[in-house]
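Me: I'd like to learn how to read a structure like this one. Could you take me through it step by step?

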Amino acid sequence: MSPAQYAVSAAFTLGLTGLTFHRTHLLSALLCLEGMMLSLFVALSVWSLQLNATNFSASPLLLLAFSACEASAGLALLVATARTHGSDRLQTLNLLQC
């Protein structure tokens, strides 16, 4: 495994462990998701550059577009949660109360 592949896989793993173990605030969960998406973007970019194929050159941009949409939806949910519940703590959210 090359150092670049190790760095990308370590960044993805750190984002995943942060998402699973530190779920106190919605903002921290969103930041962990963005870190995971950034590591996937870098991995996909490096992979398409190593293959020297033009078929895969659009896939990192497509992933980046989906990541931007995911970030905007997450921030909209964060604002809506902060307005209705008063904080972004995940323990105050209850799916049974609508």
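Reply: We will look at helix packing, then cysteines, then record annotations. This is a predicted model, where local features need pLDDT of at least 70, side-chain atom pairs count only at pLDDT 80 or more, and totals for chains, interfaces and linings use all residues. Residues are numbered from 1 along each chain as its sequence is written, and side-chain values use heavy atoms, leaving out hydrogens and water.

Me: How are two packed helices described, and what is the case for α2 and α3?

Reply: Two packed helices are described by the angle between their axes and the distance between the axes. Here, α2 (residues 26-51) and α3 (residues 59-85) pack at about 175 degrees, with axes 10 Å apart. Helices are DSSP runs of H or I, at least four residues, numbered from the N terminus; axes are lines fitted to C-alpha atoms over the stretch in contact, and angles run from 0 to 180 degrees between N-to-C directions. That makes α2 roughly antiparallel to α3 (angles over 145 degrees).

Me: Which residues of α2 and α3 make the contact?

Reply: Contact means heavy atoms within 4.5 Å. Among them are Leu30, Met37 and Phe41 of α2, and Leu64, Gly74 and Leu78 of α3.

Me: How many disulfides are there?

Reply: A disulfide is a covalent bond between the sulfur atoms of two cysteines. Counting pairs of cysteine sulfur atoms within 2.5 Å, the total is zero.

Me: Is cysteine 32 buried or exposed?

Reply: Cysteine 32 is buried, at 16% relative accessible area (buried is under 20%, exposed over 50%, partly exposed in between, with a 1.4 Å probe and protein chains only). Cysteine 69, at 49%, counts as partly exposed.

How values were computed:
Angles under 35 degrees count as roughly parallel, over 145 as roughly antiparallel, 65 to 115 as roughly perpendicular and the rest as oblique.
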